[in-house]
Amino acid sequence: MSNHVTAYSHKKKFNIDDPNVKLFRQLIRELQWNHNRRLFFEARTEAQGDCTADILEGYQWNGAYSYNSNGVDTAQRCMDTCDLSGKCMGWSYKPATKMCMRYSSIAGAIKVDGVRSGSCVGTNLKTKCTETRDGQYYGVTEKTLENIATVQDCMTSCDNLNICFGYLYSPDETKCYLQNSVSEFGAGDGFKTGSCMAPQKRVRLADPIKIFREDSLDGHNQKRKDHCVPALILDAGLNKVSQDFANQLAAADVTPPIYDMSKMQTVYFNKGDAARHGTSIVNGFYDEHKYFNFDNPDLIMVNHYPKIIWKSSTKMGVGRAFTSDKQTMFVVTTYDWEGSFVNSYKDNMNKKCT
C-alpha cells in the first residue's frame with residue numbers, strides 16, 4: 001500500500017475504489033472519530049489512574065501547594081500531571097480558568113463551585129473519627145450542629161459528612177462544629193476536638209502501562225465475548241513491538257501518523273489524552289461496526305473494528321508513548337495473526353451473538 005495520499009483536483013471525479021481515495025476517506029473518518037471521542041473524553045466524570053481517591057465536586061483542597069499550572073484542558077489531565085509527581089498528594093482543577101493546582105500536603109477542603117479535586121494517597125484522606133483531645137484544632141467550619149448531647153455524637157456526625165476532616169465539640173453549649181479543614185492544635189479547656197484525617201503517604205497502585213495494557217485487554221475480550229470468539233492474552237514480544245512503534249510515532253510527532261493499516265495493528269492518537277484508559281479506546285474503535293458491511297466489507301475504510309474481534313488472533317500487545325511536550329498520546333496495538341486481511345475475513349469475522 002502506498003504511504004502517500006494523492007491530491008485530487010476538485011474538477012476530477014473520485015474513484016471510490018482507488019486505494020488512495022479509500023485511505024484518504026479513512027483518515028478523515030479517523031479524525032472525525034477522534035474529535036467525537038475527544039468531546040466524550042472531556043465530558044466523562046470517571047477518573048482513571050493512581051490519583052483517584054477522594055474525588056470531590058465543588059471543593060478545592062486546602063493545603064501546601066507544590067505547583068500550579070495554567071492552560072490545563074481537563075480535570076483528567078490535571079490528575080495525570082499530579083500522578084507523574086511522587087511528591088503530589090492531591091490535585092484541584094478549575095475548569096473555568098483551566099487552572100490545575102497540585103498539593104504536597106492537604107489540610108482539608110474548601111467549598112468552591114465548579115472545582116474538582118482528588119487525592120493520591122491510595123485510600124481516602126478521610127478516616128473514622130477516633131481522636132479526642134482537650135483543646136481545638138484550628139480550621140474552617142463546614143457545619144454547626146445544635147443540641148448534640150455527647151462528643152461521641154459529634155464524632156459520628158463528622159463520620160457521616162464526607163468533607164468533614166475534623167470536629168470541635170463544646171460540652172457547655174452542646175454544639176458540634178464540623179470542620180472541612182484542620183491545621184494546628186491548641187491545648188485548652190472547654191472544648192473537645194479531634195482530627196479525622198488519615199496519614200498522608202503517597203502511593204502508586206501499580207505500573208501505569210501495566211494497568212493500561214490489562215485494561216485494553218479486558219476491553220478487547222469483552223467485545224470478543226459478544227461475538228463468540230476466543231479471548232486474547234497479552235504477549236511480551238508483541239508488547240515490545242507495539243511499544244517500539246509507539247515510541248517512534250511519539251518521537252516523530254506527526255498526526256495523523258502514516259502506517260500500514262492493512263497490518264494486524266491499530267494506532268490511536270490524540271492531544272490531551274494522557275493516561276486515558278485503554279477500554280475507552282477499544283470501545284471507540286469498535287464503534288466502526290456501524291459502517292461494517294459483512295456481505296461486502298471495506299477493510300480499508302473500516303480496519304480497526306475487525307482486528308478487535310478477529311477470530312484467529314490469540315495474542316496481542318500494547319504500547320503507549322507521549323510526545324516530548326506531553327500533549328499527544330499514541331497507542332499501538334499489535335495482534336499475532338498474519339495473513340491476507342481481505343481473503344480471510346469470512347472465516348474470522350463473526351456477527352454479534354449475544
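**View 1. Gln243 is tucked away in this predicted model.** With a relative accessible area of 17%, Gln243 falls under the 20% cut-off, so it counts as buried. Its place is in helix α5, which spans residues 236-252. Setting aside neighbours within four places in sequence, Gln243 is in contact with Ile209, Arg213, Val318, Gly319, Arg320 and Ala321.

**View 2. Four strands make an open sheet.** Read across the sheet, the order is β7-β9-β10-β8, and the pairing is mixed. The edges belong to β7 (233-234) and β8 (265-271); each has a single partner strand, so one side of each is left without a neighbour in the sheet. Strands of a sheet pair through backbone hydrogen bonds, either parallel or antiparallel.

**View 3. Here is the β7 edge up close.** Strand β7 runs parallel to β9 (residues 315-322), and two bridges join them. Look for Ile233 here: its bridge partner in β9 is Lys315.

**View 4. Over at the other edge sits β8.** Seven bridges join β8 to β10, and these two run antiparallel. To find your bearings, pick out Val267, which stands opposite Val332 in β10. Strand β8 is mostly covered, with six of its seven residues buried.

**View 5. A closer look at the largest cavity.** The structure holds two cavities of 30 Å³ or more, and the largest has a volume of about 80 Å³. Rolling a probe the size of a water molecule over the atoms shows where empty space is left. In the largest cavity, 13 residues form the lining, and those nearest its centre are Ser216, His220, Ile281, Val282 and Thr333.

**View 6. Who supplies the lining of the largest cavity?** Helix α4 (208-226), helix α6 and strand β10 each put in at least two residues. The largest share comes from α6, with four residues.

Definitions and conventions
Residues numbered from 1 in each chain as written. Predicted model: local features only at pLDDT ≥ 70, side-chain atom pairs only at ≥ 80, totals over all residues. Heavy atoms only, no water. Pairing = 2+ DSSP bridges. Contact = heavy atoms within 4.5 Å. Axes fitted to C-alpha atoms, helices over the stretch in contact; angles between N-to-C directions. 1 Å grid on protein atoms, 1.4 Å probe; cavity = no way out; pocket = protein on both sides within 12 Å on 5 of 7 lines; lining within 4 Å. Points joined across faces, edges and corners; volume = space filled by probe spheres on them. Buried < 20%, exposed > 50% of the residue type's maximum accessible area, 1.4 Å probe, protein only.
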